[in-house]
Amino acid sequence: SRTGALNKMTDHPTSIARGREPTRATSDRGFFLIMAIAIALTVVVGFSVSFARPQTAFASAPWHVHLHAAVFSLWIALYLVQNALVTRGNFGLHRTLGVFGAGWVLVMVAVGIHTTVMALVLHRVPPFFPPGVFLVLDVAGVLTFAALTLAAVALRRDAAWHKRLMLCGTIMVMSPALGRLLPMPLLGPWASWAVSGTMLLYVLVAVLYDRATRGKVHPAYAWGTGAIILTQLLIAGLGFAPPILALAARLQG
């Protein structure tokens, strides 16, 4: 009968899979928006805690520090807006802003490295970081962010890879905020490890979401996790290397 035929079509695995696909896509968009909000809140809270400390004198900081804050804050805002646009289905504006964002990554690399160098020159390195570690940490961190993000841009036609690599890249930008939230002076030589470990917790949330909704973990997270771990190993391995120490000393005069 016609009713039976319809029931068979409805019960067909392909039909069921097609019916679930929009639901999964909608769920994914909501999840990545939540992650973007969580990252933004972490950054806001981290810097708010820093500004609340009596010894913080952000207003009197050099101009390049304010530029760095503005440039990196804009990225966090852009990432949040981009996920909101996808959630609302506004893919046209999402792509337009994506072109701007790809160029902005290069600005962030230049500003990030310049600010790191000037922190050494002006003796503004946080006391809990040895100069060599600080130099490698900031430079390697911003380059890892750029590598993950530009890889996501290159894979923009593959939504699964694109959004996961973008998430991992933006997690790298949280490093300064996490450094203000964690008890860095008490962590000694483990300070940078604590920051990297906290970033990996955010990736772990995404991994668990994948496992729960897809039944498996997307390989993009292996690349993101590997990039964060590799960055930390570079910090630990190069932070006290004689050439890095010599460069840091030269910059500090």
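Tutor: A crossing is left-handed if the near helix is turned anticlockwise from the far one by less than a right angle, right-handed if clockwise. Here, H5 and H6 cross in the left-handed sense.

Student: Before we go on, what am I looking at?

Tutor: A predicted model, where local features need pLDDT of at least 70, side-chain atom pairs count only at pLDDT 80 or more, and totals for chains, interfaces and linings use all residues. Residues are numbered from 1 along each chain as its sequence is written, and side-chain values use heavy atoms, leaving out hydrogens and water.

Student: How many helices and strands are there?

Tutor: Eleven helices and zero strands, taken as DSSP runs (helices H or I, at least four residues; strands E, at least two) numbered from the N terminus.

Student: How do I read a packed pair?

Tutor: By the angle between the axes and the distance between them. H5 and H6 pack at about 165 degrees with axes 8 Å apart; angles run from 0 to 180 degrees between N-to-C directions. The pair is therefore roughly antiparallel (over 145 degrees).

Student: What does Trp-75 touch?

Tutor: Leaving aside neighbours within four places in sequence, Trp-75 is in contact with residues including Phe-145, Thr-149, Met-166, Thr-170 and Val-173. Trp-104 and Met-108 are also among its partners.

Technical notes. Contact means heavy atoms within 4.5 Å. Angles under 35 degrees count as roughly parallel, over 145 as roughly antiparallel, 65 to 115 as roughly perpendicular and the rest as oblique.
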